[in-house]
Structure formats: structure tokens, C-alpha cells
Amino acid sequence: MELVQCIYCSASTEENLSDQALEDILEQSRRNNARADITGILLFDSGAFFQVLEGDSSAIDALYLKIKKDTRHDKVTRLIFEPIDERAFGEWSMGYPKITKEDLKEIPGMNDFFAHGNSFMELEAGRAKTMLSAFKKGNWRV
Ligand SMILES: Cc1cc2nc3c(=O)[nH]c(=O)nc-3n(C[C@H](O)[C@H](O)[C@H](O)COP(=O)(O)O)c2cc1C
């Protein structure tokens, strides 16, 4: 068993993703992830997804392949895939923290990025980690 974390971003293929469509993804994710001991969070803003997946490397590999083929999004881009000592989101089979771009701008080092209208699709590994550490510190925990 090797615990890993995978972070990717992608673009919704549905121009205006409905709340129900998002709810369907979350419901499906929570059901499957609980069974596979996978945890994480999903963010959605301006047509782009940002997802953190944590679990055993073989389970995460298999899920990532499945997710990549999902036609509800495309341009699936892996930002990080690395071993971790402990989970950042152990209590969430798939959390959906309610955050806005304004909240994201408050993360030290991220203001410029979101203030310029960039989307998750423009993130790279360094910024993904900055965002992740803000989440780990609990800024948006419910
Ligand atoms: C943005 C996005 C995130 C997803 N995240 C997950 C996830 O965390 N876990 C999961 O099982 N499926 C996730 N899915 C759905 C999978 O792509 C796939 O449809 C699903 O796992 C198939 O489940 P089933 O085998 O129960 O039909 C996600 C899909 C999208 C579009």
C-alpha cells in the first residue's frame, strides 16, 4: 500500500454545468470513493474543475484513468502525482468546499493569479501546492 495524492484540472464540456449535474458527479464520487478508500476535494469555477484525489496508488491510478475518459469534461491535465505521508482530506470521500474566486484571491501568492481572471486550467504544480496548503490549514473547512 502506497498512499499517493493526485491533483488535476480539467474543463467542463457542458457550457453551463447545472447544479444537478455537479451534484450527480459528487454523489457518484462519494459512493465509489468510500468503497475504494479514496478521499479528496473537488472545486468548480468558471467551467473548470480542480480535483485532489488521495488513496492507494493502484486505486488512484485506476480512478484517474476512468475520470480521464469521462465525457463530462476534457483537457484533463495532471498537475501532481506523488507519495504522501498522510491524507490532507481524510474526512471527505469527496468534499465540495463552497469557495469563490474572492476567497481564492486571499491565499497568499494567489491574488495575482485569480485577479487576472485565470482559471484552474492555467494552474501548474507550484500554484496547485500553494492552494492545497491553504486548504490544509483549514481556511475553508466546514
Ligand atoms: C470532474 C469529475 C470528477 C470525478 N470524480 C470522481 C471521483 O472522485 N470518484 C469517482 O468514482 N468518479 C468520479 N468521477 C466520475 C467518473 O468519471 C466515472 O463516471 C465514475 O467513476 C463511474 O462510476 P460507476 O463505475 O459507478 O458508473 C468524476 C467525474 C468528473 C467529470
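What is the volume of the largest pocket?

1. **The pocket.** This is a predicted model. Its largest pocket has a volume of about 320 Å³. The lining is made up of 16 residues. Nearest the centre of this pocket lie Ile 25, Ser 29, Ile 67, Asp 70 and Arg 72.

2. **Who builds the lining.** Three elements each supply at least two residues of the lining of the largest pocket: helix H1 (19–36), strand S3 (48–56) and helix H2 (57–69). H1 gives the most, with five residues.

3. How do the residues of the lining divide into nonpolar, polar and charged? Seven are nonpolar, six are polar and three are charged.

4. **The ligand.** There are 16 residues around the ligand. Those that come nearest are Ser 29, Asn 32, Asn 33, Lys 66 and Asp 70. Ser 29 and Asp 70 were named above too, among the residues nearest the centre of the largest pocket.

5. **Polar atoms at the ligand.** Asn 33 places a polar side-chain atom 2.8 Å from a nitrogen atom of the ligand. Ser 29 also faces a nitrogen atom of the ligand, with a polar side-chain atom at 3.2 Å.

6. **Aromatic pairs.** How many aromatic pairs does a search of the whole structure find? It finds six. Take Phe 113 and Phe 114. Their ring centres are 5.0 Å apart and their planes stand at 85°, so this pair is edge-to-face. The cut-off for that label is an angle over 60 degrees. Phe 114 also pairs with Phe 120. That pair is edge-to-face as well, with 6.2 Å centre to centre and 85° between the planes.

7. **The phenylalanine cluster.** Ring pairs link Phe 50, Phe 113, Phe 114 and Phe 120 into a cluster. Are Phe 113, Phe 114 and Phe 120 buried or exposed? Phe 113 has a relative accessible area of 4%, so it is buried. Phe 114 is buried at 3%. Phe 120 is buried at 2%. The cut-off for buried is under 20%.

8. **Asp 19.** This residue sits in helix H1. Its relative accessibility is 69%, so Asp 19 counts as exposed. Asp 19 and Glu 106 are 87 residues apart along the chain. Their C-alpha atoms are separated by 25 Å.

9. **Positive phi at Ser 46.** Most residues other than glycine have a negative phi. Ser 46 is not a glycine, yet it has a positive phi of about 45°. Where is the place of Ser 46? It lies in the loop between strand S2 (39–45) and S3. Ser 46 has a relative accessible area of 56%, so it is exposed. The cut-off for exposed is over 50%.

10. **Positive phi at Lys 75.** Lys 75 is not a glycine either, and its phi is positive, at about 50°. The place of Lys 75 is in strand S4 (residues 73–83). With a relative accessible area of 57%, Lys 75 is exposed.

Technical notes. Residues are numbered from 1 along each chain as its sequence is written. This is a predicted model: local features need pLDDT of at least 70, side-chain atom pairs count only at pLDDT 80 or more; totals for chains, interfaces and linings use all residues. Side-chain values use heavy atoms; hydrogens and water are left out. Rings of Phe, Tyr and Trp (its six-membered ring) pair if their centres lie within 6.5 Å; planes under 30 degrees apart count as stacked, over 60 as edge-to-face and the rest as tilted. Buried means under 20% relative accessible area, exposed over 50%, partly exposed in between (1.4 Å probe, protein chains only). On a 1 Å grid over the protein atoms alone, a cavity is a set of points where a 1.4 Å probe fits but cannot get out, and a pocket is an open set with protein on both sides within 12 Å along at least five of seven lines; lining residues have an atom within 4 Å of a point. Grid points are joined across faces, edges and corners, and a volume is the space filled by probe spheres set on the points. Helices (H or I, at least four residues) and strands (E, at least two) are DSSP runs, numbered from the N terminus. Ala, Val, Leu, Ile, Met, Phe, Trp, Tyr, Cys and Pro count as nonpolar, Asp, Glu, Lys and Arg as charged, and the others, Gly among them, as polar. A residue is near a molecule or strand if one of its heavy atoms lies within 4 Å of it. A polar contact is a pair of N or O atoms within 3.5 Å; within protein, one must be able to donate a hydrogen and the other to accept it, and residues adjacent in sequence count only if both atoms are side-chain atoms.
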